[in-house]
Amino acid sequence: MINRLVVFGATGDLNARYLLPGLAALRAAGHLDDGFQLICADRKGRTDEEFRDWATEQLDRHAASAPADARRWVAATTRYRRADATDPADLASLIAGDGPVALYLALPPAVFPGTVTALRGADLPPGSRIVLEKPFGEDLDSARELNRLLAEVVPEQAVFRVDHFLAMTTVQNLLGSRLANRVLEPIWNSAHISEIEIVWDESLALEGRAGYYDGVGALKDMVQNHLFQVLCLVAMEPPLSLGERDLRDRKIDVLRSIRPFTDEDVLRHTRRARYAAGRVDGRDVPAYIDEDGVDPHSRTETFAEVELHLESWRWSGTRFRLRSGKALEADRKEVRIFFRPVPHLPFGEAVPNVLRFGLDPEDVTLDLTGIGSGVRTLTPLTMTAQMEPSDLPAYGRLLLDVLHGNAALSIRGDEAEQAWRVLAPVMSAWSSGRVPLQEYPAGSRGPAPAGEET
């Protein structure tokens with residue numbers, strides 16, 4: 001296990017909301033001992049004491065459920081360094097010491113190439129690991145270039161392209177529910193399933209993230225990475241094991257099987273939109289274009305939907321719909337599997353069978369048809385199961401995998417490239433304006449399909 005972690009982006013939102021609380025959870029669970037070293041660096045210039053005061057405030061705000069002694073330990077353990085992440089000398093100074101180090105790039109993706117290039121001259125200790133947050137590049141060409149730069153610094157096994165969705169309990173339970181239950185695996189195919197929806201809708205609007213979001217949008221921020229990862233677990237063939245090679249190989253098979261988008265497919269099977277002014281949860285929300293920090297000429301979408309078809313023996317004939325939006329009427333974060341109707345029903349009308357995995361909050365429901373009060377009547381029957389709470393938050397599990405070198409749930413380089421390949425025609429059509437940018441009022445259900453009112 002690596003006992004040194006360097007986080008670039010010390011006072012960023014990622015460190016405040018997720019990494020520091022994740023480390024507090026690891027300490028509380030006994031995974032970090034007193035020999036663990038945490039260095040947080042950025043270009044702002046603070047003293048150790050000033051940064052520890054800031055870290056204490058963030059931990060109290062975002063990790064209130066963690067024991068107080070674990071929060072205090074993380075804040076007291078942290079050392080702060082002023083450093084430029086693209087300066088080889090600064091990097092060499094940060095990583096100097098005994099043994100390997102895990103470098104977490106909690107930075108804007110645009111800085112990744114410069115930082116990785118600088119690491120070539122920083123004398124990275126053998127056995128060290130590099131952690132990158134999504135998105136991995138901005139398109140297929142930039143993803144390939146980033147992978148090339150990384151390969152010059154560390155072997156692929158030492159690169160952790162992390163996606164915290166893969167550490168969520170319910171996302172992992174998707175795979176477990178399929179593979180561990182004989183009642184599901186035989187019908188997990190297009191003969192029995194007509195459609196699968198993967199949805200991450202939020203009532204949250206921009207919430208001060210214009211600096212990042214306006215250059216990315218919903219397609220790159222959510223669909224290309226998070227939702228594609230969920231798709232892989234839903235649609236993959238059973239792996240030989242849950243080891244990193246077997247699991248990643250099967251995920252790649254899913255991405256390779258996605259039918260390429262034609263120009264007509266992009267027009268018919270993708271939608272993009274952004275929110276106009278409205279009300280969400282009783283509060284006024286300005287139009288996206290009027291949010292602080294948004295370029296007034298921006299064409300960035302806050303809602304993205306794509307319909308995919310997999311050209312494989314298991315899934316030919318099943319429709320996959322991936323969608324994500326902001327400033328919507330309500331949170332809806334789930335995977336829904338729609339089963340085909342039975343071939344013949346001698347009486348009544350059956351309720352569609354739908355298996356739903358709630359991603360946040362975490363639960364599972366199954367809609368079935370049962371016998372009503374009369375012999376010849378049918379009635380809806382819903383079965384619900386609550387997930388056991390995880391012993392660690394998603395970022396705690398993610399950090400533990402990094403420190404132990406378990407890359408099974410991180411994203412391999414060729415996987416990142418395949419995801420960009422699939423969406424390249426969509427990105428091209430959207431950027432050229434061939435697919436109209438619709439609008440929907442904040443607080444609504446989102447843009448309406450053609451011919452319907454919002």
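Colleague: What are the ground rules for the numbers here?

Modeller: This is a predicted model, so local features need pLDDT of at least 70 and side-chain atom pairs count only at pLDDT 80 or more, while totals for chains, interfaces and linings use all residues. Residues are numbered from 1 along each chain as its sequence is written, and side-chain values use heavy atoms, with hydrogens and water left out.

Colleague: Where does UniProt place the feature "active site"?

Modeller: At His226, going by an unreviewed entry. UniProt positions are in the numbering used here, feature names are shortened, and annotations may be inferred rather than shown by experiment. In the model, His226 is found in helix H9, residues 217–235. Helices (H or I, at least four residues) and strands (E, at least two) are DSSP runs, numbered from the N terminus.

Colleague: Why is His226 called buried?

Modeller: Buried means under 20% relative accessible area, exposed means over 50%, and partly exposed is in between, with a 1.4 Å probe and protein chains only. His226 has 4% relative accessibility, so it counts as buried.

Colleague: Which residues does His226 touch?

Modeller: Not counting residues up to four places away in sequence, His226 touches Lys134, Asp163, His164, Phe165 and Asp221. Contact here means heavy atoms within 4.5 Å.

Colleague: And what makes Ser298 buried?

Modeller: Ser298 comes in at 7% relative accessibility, so the buried label applies. Ser298 sits in the loop between strand E10 (283–285) and strand E11 (303–309). Leaving aside neighbours within four places in sequence, Ser298 is in contact with Asp214, Arg274, Tyr288 and Ile289.

Colleague: What does the side chain of Ser298 reach?

Modeller: The backbone nitrogen of Thr300, at 3.0 Å. A polar contact is a pair of N or O atoms within 3.5 Å; within protein, one must be able to donate a hydrogen and the other to accept it, and residues adjacent in sequence count only if both atoms are side-chain atoms. The 3.0 Å from the Ser298 side chain to that nitrogen falls within the cut-off.

Colleague: Why does Trp315 count as buried?

Modeller: Trp315 has 1% relative accessibility, so it gets the buried label. Trp315 lies in the loop between E11 and strand E12 (319–325). Contacts of Trp315, with neighbours within four places left aside, include Trp188, Ile193, Val234 and Phe320.

Colleague: Which residues of helix H7 are buried?

Modeller: In H7, residues 169–179, the buried ones include Thr169, Val171, Leu174 and Arg178. Among the elements covering the buried residues of H7 are H9, helix H10 (244–257) and strand E13 (332–339).

Colleague: How do you know what is a cavity and what is a pocket?

Modeller: On a 1 Å grid over the protein atoms alone, a cavity is a set of points where a 1.4 Å probe fits but cannot get out; a pocket is an open set with protein on both sides within 12 Å along at least five of seven lines; lining residues have an atom within 4 Å of a point. Grid points are joined across faces, edges and corners, and a volume is the space filled by probe spheres set on the points. The search of the whole structure turns up three cavities of 30 Å³ or more.

Colleague: What lines the largest cavity?

Modeller: Its volume is about 90 Å³, and the lining of the largest cavity includes Phe160, Asp163, Leu398, Asp401 and Ser410. Helix H12 (394–404) gives the most to that lining, three residues.

Colleague: Which element gives the most to the lining of the second largest cavity?

Modeller: E11, with three residues. The second largest cavity holds about 70 Å³ of space, and Arg259, Phe261, Asp265 and His309 are among its lining residues.

Colleague: What is the lining of the second largest pocket like, by class?

Modeller: It has 19 nonpolar, seven polar and one charged residues. Ala, Val, Leu, Ile, Met, Phe, Trp, Tyr, Cys and Pro count as nonpolar, Asp, Glu, Lys and Arg as charged, and the others, Gly among them, as polar. The second largest pocket has a volume of about 710 Å³. Of its 27 lining residues, Ile187, Phe339, Asn353, Leu366 and Leu368 lie nearest the centre. Strand E15 (362–371) is one of the elements giving two or more residues to that lining, and E15 supplies the largest share, five residues.
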